[in-house]
Amino acid sequence: MLHPAFPVAIFLIFLMMASGLRYGLIHQYTGQIQANLENETRSMANNLEWEFKSHAGAIQRMAKRLAADPTTPEHEWRQDARNYLMDFRIYTVIEWIDRDFFIRWLEPVSLNETVLGFNVGFNEQRRQALAEAQLSGNYDISDVLELRQGGKGIVIYAPVGKGAENNGFIAGVFRMEMLAQELLSTREPEMFRVSLFSKGSEVYRQNSFDRSDDSLSYTVPVDLPTLDWQLMLEPSPDWVAKQFSPWPRWTFIALLLMGVLTSLAVLLAQIILKRNQALLTTRQELDEEIAQRKTIQQDLVRLESTDVLTGLANRRFFMEDLAHTLTLADRQMRQVALIMLDLDRFQMLNDSLGHQFGDELLVQVAKRLNLLSDERVSVAYSGGDEFMICLQFVEDIDEIIHLLGLIKQCFAAPFEVQDEVHSITSTLGIAVYPQSGLDADTLLRNADIALYRAKDQGRNTYQFYTEGMQEREVMRLELEKELSQALSNNEFVLHYQPQLNLDTGEITSVEALIRWQHPRRGLLAPGEFIPLAEESGRITDIGHWVVMAACRQLAAWNGTRFGHLRVAVNLSGRELDDENLVDHIRDALNAEGIPAERLEVELTEEIFIQNIEHNRDQLSRLHDLGVHLAIDDFGVGYSSLAYLRDFPVDLLKIDRSFITEVTERHDDAVITRAVINLAHNLGLKVVAEGVETQAQLDFLMGQGCNMAQGYLISRPVPATELERALVGGTLEKFALAEPRYEI
Ligand code: C2E
Ligand code: CA
Ligand code: CA
């Protein structure tokens with residue numbers, strides 16, 4: 001249909017139809033013309049016959065009159081003849097011919113005198129024909145003759161009487177022109193070429209115009225006595241043209257026009273269809289492109305919503321989803337739990353074992369947690385070592401507790417990362433919609449607060465958000481703000497807690513413990529601000545201050561009766577990261593002119609191990625400086641003790657948790673004794689922390705513990721108070737009892 005040849009084909013079909021119809025119509029009209037021509041010819045022949053017969057009849061009547069009155073004188077006859085000539089103008093001359101065929105009378109005489117006395121039986125054939133006419137009384141017609149008067153003509157001979165009574169003939173001579181004129185007078189003379197044939201040869205022709213088409217002609221015999229005539233009519237082109245109807249042409253043109261219009265319409269339709277098709281393809285292409293873009297957008301959305309490392313939803317997506325979940329929960333009157341999950345000690349592992357390790361661990365944790373996700377539970381990675389878990393459609397708090405159990409289960413089996421097995425625990429903070437927050441952001445903040453609380457309480461646990469937490473959180477934030485000014489405002493103070501030497505019964509060393517003299521809140525214990533300071537990084541400066549203050553105190557005691565005291569300061573993990581730590585300690589010692597062995601540094605077992613593995617350099621420099629090294633909170637951290645052999649440690653401080661019930665719990669007693677023995681075997685001194693009762697002290701002395709520290713001896717007190725106590729000698733009394741204690 002859309003082929004370019006199609007309109008051309010349609011046009012050709014129309015052309016063929018038009019031509020066919022034209023041919024057919026022309027053919028029909030040609031037949032019609034032929035018939036018209038025939039009619040024309042026949043009527044002309046009839047006319048000729050009739051004309052001829054009437055003339056012959058007139059001549060015959062004249063002959064009859066003369067036969068009836070043979071004595072008619074010449075002038076009378078001529079008068080009669082003149083009348084005939086007047087009536088029948090075609091006659092050129094009327095004659096009386098005697099029985100021997102000589103012309104005797106004629107009318108008009110002028111121009112015809114030459115034929116008087118002429119014998120019309122001039123040849124045998126004529127003579128015979130005339131003789132026959134005399135005998136029968138029927139008229140005779142000569143052939144077309146060359147008239148003696150000039151021109152062509154015909155003569156009708158009517159016998160006057162027949163047989164023996166014959167008295168010659170009356171003859172009428174008329175010219176062919178006249179006859180033809182008479183014949184054709186009723187018709188348009190130029191329309192036809194009229195030819196008269198006598199015995200097959202043309203004897204007369206009228207209108208000798210050129211005929212381009214000689215196929216049209218018609219010949220009829222003319223029925224006249226004694227004559228063998230034929231009349232042929234050939235129409236002029238004008239006549240033919242007139243006969244032709246304009247219909248074939250108009251039909252042809254009309255059909256052709258229709259063809260042109262139809263093919264043009266088809267062409268137009270084709271163009272429109274093609275346009276439509278092009279539009280359709282463009283539309284399809286557009287649709288395809290739109291679909292492609294949509295998939296790309298969906299991919300982008302998916303990419304944007306997914307964390308690349310863990311493959312879990314990312315924080316942004318999770319929060320959007322949570323907001324949506326909350327609106328649903330609102331309608332369905334259900335609760336939603338948001339759980340923030342923090343990996344315990346992740347930062348330490350990440351720092352010590354490398355980012356690669358951290359990443360692999362995160363991936364494994366993500367995998368396990370993701371197993372919990374279903375239509376109600378969604379899991380996301382929030383960044384760092386934090387994950388977010390959302391539980392929808394909560395009807396009962398037990399459902400949350402159940403999920404918490406499942407989360408804990410995820411950490412039951414150790415993780416194998418980089419061919420090493422690690423036991424990992426997690427701490428969780430939970431906020432529940434609607435009671436713990438009405439929008440996603442509030443829920444998140446409160447879950448964070450709960451998480452923070454849980455961490456405070458020691459790890460591997462969980463904490464639901466409660467109203468009070470908010471206040472504490474506000475306080476925490478305030479404190480953090482105020483902490484930044486505490487140093488410049490000189491609000492920190494050091495309290496000193498003496499350590500009783502159980503061998504000598506003397507106080508030989510004290511532990512410096514920081515306090516914050518808060519302008520409004522009063523004296524704050526380190527537990528209330530040290531974690532904040534560690535988080536914000538302010539611990540480094542605070543640590544510097546502690547070392548400086550301790551050295552200043554040592555300098556102050558120098559040369560007094562307290563000049564023998566060693567001061568122990570606590571260092572946190574963050575402080576050890578500071579490259580300038582050792583330099584700073586040295587500077588402080590030098591500034592106050594204090595020998596290094598008068599200063600002791602306490603590091604928790606955890607921090608110590610981390611540093612021995614990854615920052616041996618810092619510890620070696622510290623040791624090389626000559627300061628004493630004590631391991632704080634010993635026994636709660638790592639089980640491996642190999643490091644004690646590898647590194648020159650001076651002192652172990654048994655954690656307070658073992659001492660508190662050492663006299664009641666067999667296990668604690670065993671552990672304490674084992675630690676003391678171990679330390680002694682390694683050539684280390686042992687300090688027991690948190691000694692609150694005489695019984696505890698007795699036990700420790702019995703086990704050969706070197707030193708004791710605790711409320712029993714003294715609480716941490718300001719330097720002046722310590723000095724007073726030392727002067728008073730109240731601190732040493734406990735060691736006087738002879739230690740005896742059996743496990
Ligand atoms: P720590 O190093 O284990 O310090 C001993 C803590 O036990 C002190 O708490 C002390 O008051 C408390 N204590 C001593 N004897 C007893 C006792 O018989 N019974 C009980 N229940 N507690 C006793 P404090 O002063 O609140 O210090 C807490 C922690 O804060 C310290 O634990 C130490 O880790 C940290 N800290 C203290 N001062 C500093 C400091 O200057 N720098 C750093 N980085 N941390 C410090
Ligand atoms: Ca300590
Ligand atoms: Ca301790």
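Visitor: How many bridges pair strand 19 with strand 27?
Guide: This is a predicted model, where local features need pLDDT of at least 70 and side-chain atom pairs pLDDT 80 or more, while totals for chains, interfaces and linings use all residues. Residues are numbered from 1 along each chain as its sequence is written, chains are lettered from A and ligands numbered from 1 in the order written, and side-chain values use heavy atoms, without hydrogens and water. Strands here are DSSP runs of E with at least two residues, numbered from the N terminus, and two of them pair if DSSP finds at least two bridges between them. Strand 27 covers residues 707–708 and runs antiparallel to strand 19, and the number of bridges joining them is two.

Visitor: Which residue of strand 27 stands opposite Asn-501?
Guide: Strand 19 spans residues 492–501, and strand 27 spans residues 707–708. The residue opposite Asn-501 is Met-707.

Visitor: Which residue stands opposite Val-717 of strand 28?
Guide: Strand 28 (residues 717–718) is joined to strand 19 by two bridges, in the antiparallel sense. Facing Val-717 is Tyr-496.

Visitor: And what is the bridge partner of His-495 in strand 20?
Guide: Strand 19 and strand 20 are antiparallel, with ten bridges. Four residues lie between the strands of this hairpin, and Gly-505 has a positive phi near 75 degrees. In strand 20, His-495 is bridged to Leu-513.

Visitor: How many residues of strand 19 are buried?
Guide: Buried means under 20% relative accessible area, exposed over 50% and partly exposed in between, with a 1.4 Å probe and protein chains only. Strand 19 is mostly covered: of its ten residues, the number buried is nine.

Visitor: How many residues apart in sequence are the parts tied together by Glu-511 and Asp-632?
Guide: Both residues coordinate the calcium ion (ligand 2), along with Asn-570 and Glu-602, at 2.0 to 2.3 Å; donors are N, O and S atoms within 2.8 Å of the metal (3.2 Å for Na, K and Ca), and sites may look incomplete because water is not among the atoms. Glu-511 lies in strand 20 (residues 506–518) and Asp-632 in strand 24 (residues 628–634), so the pair ties together parts whose separation in residues is 121.

Visitor: Is Glu-511 buried or exposed?
Guide: Its relative accessibility is 3%. Glu-511 therefore counts as buried.

Visitor: How far apart are the calcium ions that Asp-632 bridges?
Guide: Asp-632 has 6% relative accessibility and counts as buried. This residue bridges ligand 2 and ligand 3, and the distance between these calcium ions is 4.0 Å.
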